[in-house]
Amino acid sequence: MKVKVFVIIISYNGMKWLPSCLSSTEGCDVVVVDNASTDGSRDYIKNNFPSIKLLHQQKNLGFGQANNIGIKYALDNGAEAVFLLNQDAYMQDDTIDVLSSFSKKNPEFGILSPIHLTGDGKYLDENFSYYLSYKCNKYFYSDAVLRGLKEYYEVPFVNAAGWYIPKQVFNVVGGFDPIFFHYGEDDNFCQRIYYHNFKIGVIPKSKILHDRGKRNFQSVSDSFLTWERQLKVKWGNINNSSFEEEFPKMYKQERIKYYKYRAKIQLGKAKKVALKLSILKRIEIEITKSKKLNSSGKNLYL
């Protein structure tokens, strides 16, 4: 019997990709969670893809929390698995069928990913290629050159441009942790996948096109946001027990810096350190709560 799979797409001002992205999902149950787009994409979806379930949000919830809304809708409506697809990615005809077939035979895999190609389909997507590098999996490139590709390759992480996740995984791992807004939430989810004894696999026979070339915006580059996200990914990892030991040391070091700058009347530098201290106190509470919840083995955030 065919598995009921919902495709979930998070849309945010994605008109340049949506025609190709949504056309590639023809014949699938599709949920689009729109993060308050202002480029006309909502009307485009309503007028051109009326069978798609469109869940319009009043503000930009970010990647993880918007996906949680789509996942919950899918599970409430009978989904046995979901396929998370970026708005700038396009499925091939058998993308989901190949993943679904493998998943039924191998329930130990919590995340299955297709091969991610460039938008023109001529090359491996550059970022995706890192997750199949020798240090992540020593067999993929050697097999490609010498022996032929295997049915699957186990990896420690793969980005969430195309994730197949069976229903039972959410019952154990939960959804995306809301302490992340955009970037870092896929790292955290993979950490929890391993904690709960699931695996992550790449299936070479399944492919998507990831059309990064059409992007005309910059990733969030604010140094404090990047620093905060890195700390959350590191310390929010429930496989990492260093938080309780490392956090007090870092906080103490920043406090010493703050008072040194104040003593030298370097008020600009002192102000920056004061901001770091306020971020550390806030994320201490967030990470402590997150790690406790994420290790509980309950259906979280959905």
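Before I show anything, one term: a residue is called buried when its relative accessible area is under 20%. Please also keep in mind that what we are looking at today is a predicted model.

With that term in hand, let me start with two phenylalanines, Phe 63 and Phe 176, both of which are buried. Their ring centres lie 5.7 Å apart and their planes meet at 70°, and because planes over 60 degrees apart count as edge-to-face, that is how this pair is classed. What I would like you to notice is that the pair links distant parts of the chain, since Phe 63 belongs to helix H3, residues 62–76, while Phe 176 lies in the loop between helix H7 (167–173) and helix H8 (185–195), 113 residues apart. A search of the whole structure finds 18 aromatic pairs, and Phe 63 and Phe 176 also belong to one aromatic cluster together with Trp 163, Phe 170 and Phe 189.

In soluble globular proteins, nonpolar side chains tend to be buried together. Here the largest nonpolar core has 69 residues, and those with the most contacts inside it include Phe 83, Ile 111, Trp 163 and Phe 189. Which strand gives the most to this core? That is strand S1, residues 5–11, which contributes six residues. If we leave aside its neighbours within four places in sequence, Phe 189 is in contact with a list of residues, among them Ile 111, Trp 163, Phe 170 and Phe 176.

There is also a second, separate core, this one of 14 residues, and Trp 227, Trp 235, Tyr 258 and Ile 287 are included in it. Trp 235 forms an aromatic pair with Phe 243, with 5.5 Å from centre to centre and 55° between the planes, and this pair is tilted; both of these residues are buried. As for Trp 227, the charged end of Lys 276 sits over its ring, 4.9 Å from the ring centre. Another lysine, Lys 281, has its charged end over the ring of Tyr 251, 5.3 Å from the centre of that ring.

Terms used:
Residues numbered from 1 in each chain as written. Predicted model: local features only at pLDDT ≥ 70, side-chain atom pairs only at ≥ 80, totals over all residues. Heavy atoms only, no water. Core = buried A, V, L, I, M, F, W, Y, C linked by side-chain atoms within 4.5 Å. Buried < 20%, exposed > 50% of the residue type's maximum accessible area, 1.4 Å probe, protein only. Helix = DSSP H or I, 4+ residues; strand = E, 2+ residues; numbered from the N terminus. Contact = heavy atoms within 4.5 Å. Phe/Tyr/Trp six-rings, centres within 6.5 Å; stacked < 30°, edge-to-face > 60°. Lys NZ or Arg CZ within 6 Å of the ring centre and 35° of its normal.
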